[in-house]
Amino acid sequence: MSVEPYECDAARALTRCGLHVQLALLLQFITGAGRLPLGGAAGLTPPLTIIASSGPVDSLPTAHTCFNRLVLPRYSSFAKLHWALGMAIAEGSQGFSFS
């Protein structure tokens, strides 16, 4: 099984998020839950997946929480990928509400 270089960059950016709080917020953004199930990541149903988007380069990532899917567009640099994931964590982990 081969791993695409883009997938390696995404994994590296995810691990650079660092603190457990940020990782929990990222998990919240992707799955809708801030914690893993008892079985860990292997217990996620459907499994957590990261896919490349065909959208504009350097745009923000999106997530499909019902499918535990993170959709990442292409980024012109690792720094922009890291920034976009940070923005998703900061702004997109709380979902939405009606006023």
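Leucine 44 lies in the loop that links helix 2 (20-31) to strand 1 (49-52); helices (H or I, at least four residues) and strands (E, at least two) are DSSP runs, numbered from the N terminus. This is a predicted model, in which local features need pLDDT of at least 70 and side-chain atom pairs count only at pLDDT 80 or more, while totals for chains, interfaces and linings use all residues. Residues are numbered from 1 along each chain as its sequence is written, and side-chain values use heavy atoms, with hydrogens and water left out.

**Around leucine 44**
- Leucine 44 counts as buried because its relative accessibility is 12% (buried means under 20% relative accessible area, exposed over 50%, partly exposed in between, with a 1.4 Å probe and protein chains only).
- Leaving aside residues up to four places away in sequence, leucine 44 touches Thr31, Leu36, Pro37 and Asn68 (contact means heavy atoms within 4.5 Å).
- Between the C-alpha atoms of leucine 44 and phenylalanine 67 there are 9.7 Å, and the two residues are 23 residues apart along the chain.

- Three strands form an open sheet in the order 1-3-2, with mixed pairing (two strands pair if DSSP finds at least two bridges between them).
- Strand 1 and strand 2 (62-64) are the edge strands, each pairing on one side only.
- Strand 1 pairs with strand 3 (residues 69-72) in the parallel sense, over four bridges.
- Threonine 49 has arginine 69 in strand 3 as its bridge partner.

**The whole chain**
- The protein chain has three helices and three strands, running α-α-β-β-β-α from the N terminus on.
- Of its 99 residues, 26% count as buried.
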